[in-house]
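Please read it alongside the sequence and the model.

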Amino acid sequence: ICHLGGPIFCDYLQNQIGAGVFFHPFVVLDNGEEHNVVVKYGIVEKQSIIQDLTQWPYFYLAGRLQKPTLTLIEDDAIRNAQESCNLPNAVAAAFLVLQQKERKGEVTSLSELFETISSLSYMGDPRLDVGGEDPDKIRKLVHGNPGQLDRFKKLYQPCLESFAQEDLLHYNGDRIQWDSSYKWENRLPMALQTQLLQSQNNVAACLRDIVRKTSNPQSIKGVVTAGIGKSSDMHLQNYQKVFYGDDEVSCRSFSIVNGWINLEEKLLGRS
């Protein structure tokens with residue numbers, strides 16, 4: 001369809017529909033071994049990913065990059081947006097979600113914190129609603145691969161240490177306690193703060209709205225960009241992972257952002 005539509009049509013798809021990401025699934029890479037690697041890669045404008053990391057208008061790539069990734073080519077502007085905005089915002093949002101639960105004091109484990117962070121970008125995801133995604137996916141994102149929990153700790157250590165220096169939290173070993181009297185809403189992107197005030201909803205409900213508004217158009221966009229056949233294969237693969245598990249149906253993907261490449265968490269620990 002994109003070949004028929006030409007560059008103007010592709011530009012419209014990229015910038016007006018979904019989260020500004022143009023995916024190419026089932027790309028075969030010759031890795032010099034007996035079995036080639038099949039990947040899905042996405043192309044996005046640099047400004048779009050920086051906007052999502054700092055403001056969460058789509059909470060799409062921002063959500064993906066709240067999990068450990070392997071950076072092959074560094075970009076200073078993207079790294080700064082990730083470290084100064086996206087990761088601290090994710091921690092603040094996770095604390096607010098955890099505070100909604102009935103608990104004895106604002107104390108949790110690092111494992112639960114990272115699982116809560118991982119769950120943020122799946123709130124409102126229609127794939128979970130219709131059984132098109134593994135219901136145990138959140139736990140697997142944190143514990144599914146050897147060393148994954150340590151990668152989460154390494155990713156968030158600078159952020160947690162910064163909050164600790166502000167005396168907003170204390171953590172020792174696997175236990176973490178945060179100051180629930182602090183207005184963690186002030187650490188969220190400004191647009192999300194405004195949405196919280198106007199809607200009187202909690203942060204989970206607001207994130208569900210953002211994810212739902214992004215996921216549905218992005219899914220439709222996938223049918224156009226990948227074609228009906230490949231798009232159907234992707235959905236079938238997701239259903240297979242639900243029933244057979246990730247070990248039986250392996251999916252590896254990465255994103256290219258103006259020459260900046262990230263391999264998603266499922267490739268980590270398997271190379």
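**Aromatic pairs, helix packing and strands**

The structure holds seven aromatic pairs, where rings of Phe, Tyr and Trp (its six-membered ring) pair if their centres lie within 6.5 Å; planes under 30 degrees apart count as stacked, over 60 as edge-to-face and the rest as tilted. The model is predicted: local features need pLDDT of at least 70 and side-chain atom pairs count only at pLDDT 80 or more, while totals for chains, interfaces and linings use all residues. Residues are numbered from 1 along each chain as its sequence is written, and side-chain values use heavy atoms, with hydrogens and water left out.

**Aromatic rings**

- The planes of tryptophan 56 and phenylalanine 59 lie at 50 degrees, with ring centres 4.5 Å apart, so this pair is tilted.
- Both tryptophan 56 and phenylalanine 59 are buried (under 20% relative accessible area, with exposed over 50% and partly exposed in between; 1.4 Å probe, protein chains only).
- Phenylalanine 163 and tryptophan 184 form an edge-to-face pair, 5.2 Å centre to centre and with 90 degrees between the planes.
- This pair links distant parts of the chain, 21 residues apart: phenylalanine 163 belongs to helix α8 (residues 148-165), and tryptophan 184 to the loop between β6 (175-178) and α9 (190-199). Helices (H or I, at least four residues) and strands (E, at least two) are DSSP runs, numbered from the N terminus.
- Phenylalanine 163 and tryptophan 184 are both buried.
- A cluster linked by ring pairs comprises Phe95, Phe163, Trp178, Tyr182 and Trp184.

**Helix packing**

- The axes of helix α4 (residues 76-99) and α8 come within 10 Å and cross at roughly 75 degrees; axes are lines fitted to C-alpha atoms, for helices over the stretch in contact, and angles run from 0 to 180 degrees between N-to-C directions.
- Helices α4 and α8 are therefore roughly perpendicular to each other (65 to 115 degrees; under 35 is roughly parallel, over 145 roughly antiparallel and the rest oblique).
- Residues of α4 that meet α8 include Leu87 and Val91, and among their counterparts in α8 are Leu155 and Phe163; contact means heavy atoms within 4.5 Å.

**Strands**

- Strand β4 (residues 107-109) pairs with β6 in the antiparallel sense over three bridges; two strands pair if DSSP finds at least two bridges between them.
- Threonine 108 has isoleucine 176 of β6 as its bridge partner.
- Strand β5 (residues 169-172) runs antiparallel to β6, joined by four bridges, and tyrosine 171 stands opposite isoleucine 176.
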